[in-house]
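Hi everyone, thanks for making time today. I'd like to walk you through one protein chain, a few residues at a time, so please have a look at the picture first.

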Amino acid sequence: MAPPPPSIPAPCPHLSSYRSSSRNPFRNLRRSLRVRPLGLPSIRLDPLSHPHCPLCPSSSSPLTTSSSSSSSSSRLLACLSCGQVFCPSHASHHPISSPGHYISVDLLRAELFCCSCSDQVYDSDFDSTVSVAQSPSFPSSSSPPSNKRRRVDFKQWDPNPSQSQLIRTRSSQLHPDPSSSDRHPWGLRGLNNMGNTCFMNSVLQALLHTPPLRNYFLSDRHNRFLCARRSRKKSVNGVDLCLVCDLDQIYSAAFSGDRSPFSPAKFLYSWWRLSSDLASYEQQDAHEFFISILDRIHDNLVEDQQISNHNGQGDCCIAHRIFSGILRSDVTCTYCGFTSTTYDPCIDLSLDLDSTHLSRQTARNGEKETKQKHNQNQSGPTTLMRCLEKFTRPERLDNEQKFYCQKCKERRESLKQMSIRKLPLVLSFHVKRFEHSTIKKTLRKIDSCLQFPFALDMAAYLSSSVLRSRYGNRLLPVVENGASEAAISSGASSEFEIFAVVTHSGRLDAGHYVTYLRINDSWFKCDDAWVIKVEESIVRESQAYMLFYVQKVLCYTAGGNTGTSTGTIEPV
């Protein structure tokens, strides 16, 4: 017998009773709301008052303790009916002494609490009241616009007989046949070094095995023989140039089944002609090359398809659809709590190496818990999670970086906090291993080991998570086109799997780049023309310079450019 379907819990009857007793029960409370630094809401108190629970033995005010404490001793509740103050531990006594006085408000968090149910309760009108106080740009109406973006329902594709025959006769498997003597997956082909081009080969190997980009080229989405750019004879100094066509040629060569090393000379020549400032046989930076390649792909495809460069949605070309995300930056005035928010597109995240250990750091993403070292001069290996925590940690801006507060009408000290508003399909991390030395006034390399997980959950670093910790358990106040930060962040999966690691070994001026690829839970080392299978421990001990992760679950969205109502999905 099937279990009964779960029922939605009924709303708190005591809150319903309180609401029915007044036409606008939270009108007077709005005047008492205030916003602390980082936008945290609370109840404004008389500075000369010292509220405390009369039933607690201590007579000091718990509100004088650190606001970061989450214990019940640091919280006070105030009855909305009579104003009596008490702690959560003695909240159940108040309705007994004062019948009908059930609903109270948390003075530190500005959240409703039912004394009879001994639990936090939610009210949409109260939530909107708090949101108005937190954000001056939040609409005064309690009901936000209803034109929210909705995800398209998945529709199963059933090929007809002719399509099935075409798939069987014209397709080739990417993974090796167990009965074959060649057990290396397709696409693993070495790239010849043409003179300090290991930086290019390492990035190309990562791009060749980026699942959505690989599927794009192998499904003939850009055919170099039918390219519109070549047909219009667009050239530089009389030479036809299309970097996307040259990349399509590399994909064809890599997945042709030929194991002999391939020389991407034509691709290198086109890149030199399109990026003249980097055209030389000197060693270049792999990260700069990666950014340059995506920019050239964007320029080629956007110009050919006549799409605006400034749509800001990250869907103008295949490079941005795969690698582009959106960062959110909040700068909050520490005096009045006003927050200025900006959004910037990004195609990768550059992370500082943070080797400082946190005491009893909470384990996450498979990271083992470590204790703080007794010798402060010794720093253990840093982790990717600590780098991300440092990236999203609030940072106090110094006096030279004071921002102009629109509410105070003058420059104030402020706190800046970064977060990820929208995750890309493929997440690329750049580890800052090269920094300026303040002593020698030169660049130096950081050789610290970086521990990184193979499975990564980015939920803790999303804007929705950061705002939830800032505003508490209520509707997020920032709304754009009817969609909250939670709705925007939830549009894509936050769980990622690693598939490529670009490493750098040696000195800054004479180093070498190598790529490790993860295919079918096996690791392969791509060192220019040489491709060999390696153990997982070799990858973990390497000096990671760039990390590439792909989403575990791909969202199903409508094909806006095709003019059809069916959706498209690109499998990994």
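Let's start with Arg396, which counts as exposed because its relative accessibility is 52%. For that word, the cut-offs are these: buried is under 20% relative accessible area, exposed is over 50%, and partly exposed is in between, with a 1.4 Å probe and protein chains only.

A word on where this comes from: the model is predicted, so local features need pLDDT of at least 70 and side-chain atom pairs count only at pLDDT 80 or more, while totals for chains, interfaces and linings use all residues. Residues are numbered from 1 along each chain as its sequence is written, and side-chain values use heavy atoms, leaving out hydrogens and water.

Which residue does Arg396 meet in a salt bridge? The partner is Glu413, at 3.9 Å from N to O. A salt bridge here means a side-chain nitrogen of Lys or Arg within 4 Å of a carboxyl oxygen of Asp or Glu. Arg396 sits in strand β14 (residues 395–396) and Glu413 in the loop between β16 (410–412) and β17 (414–422), so this pair ties together parts 17 residues apart in sequence. Those labels are DSSP runs numbered from the N terminus: helices are H or I with at least four residues, and strands are E with at least two. Glu413 itself is partly exposed, at 36% relative accessibility.

Another salt bridge joins Glu410 and Arg412, with the closest N and O atoms 3.1 Å apart.

The structure holds eleven salt bridges. One of them pairs Asp248 with Arg224, and their closest N and O atoms are 2.8 Å apart. This pair links distant parts of the chain, 24 residues apart: Asp248 is in helix α9 (residues 243–254), and Arg224 is in the loop between α7 (211–218) and α8 (228–231). Asp248 is buried, with a relative accessible area of 4%, while Arg224 is partly exposed at 22%. There is also a network of salt bridges that links Glu497, Arg518, Asp521 and Lys552.

Let's stay with helix α9 for a moment. How do we describe two packed helices? We give the angle between their axes and the distance between the axes. Helix α6 (residues 198–208) packs with α9 at about 75 degrees, with the axes 11 Å apart. The axes are lines fitted to C-alpha atoms, for helices over the stretch in contact, and angles run from 0 to 180 degrees between N-to-C directions. The two helices are therefore roughly perpendicular, a term for angles of 65 to 115 degrees. From α6, Leu204, Leu207 and Leu208 meet Leu247, Ile250, Tyr251 and Ala254 of α9.

Now for the serine. Ser270 is in helix α10 (residues 265–274), and it counts as buried because its relative accessibility is 2%. Leaving aside residues up to four places away in sequence, Ser270 touches Leu241, Leu243 and Asp246, where contact means heavy atoms within 4.5 Å.

Finally, the whole chain: 16 helices and 31 strands, and of its 572 residues, 45% count as buried.

Methods. Parallel < 35°, antiparallel > 145°, perpendicular 65-115°, else oblique.
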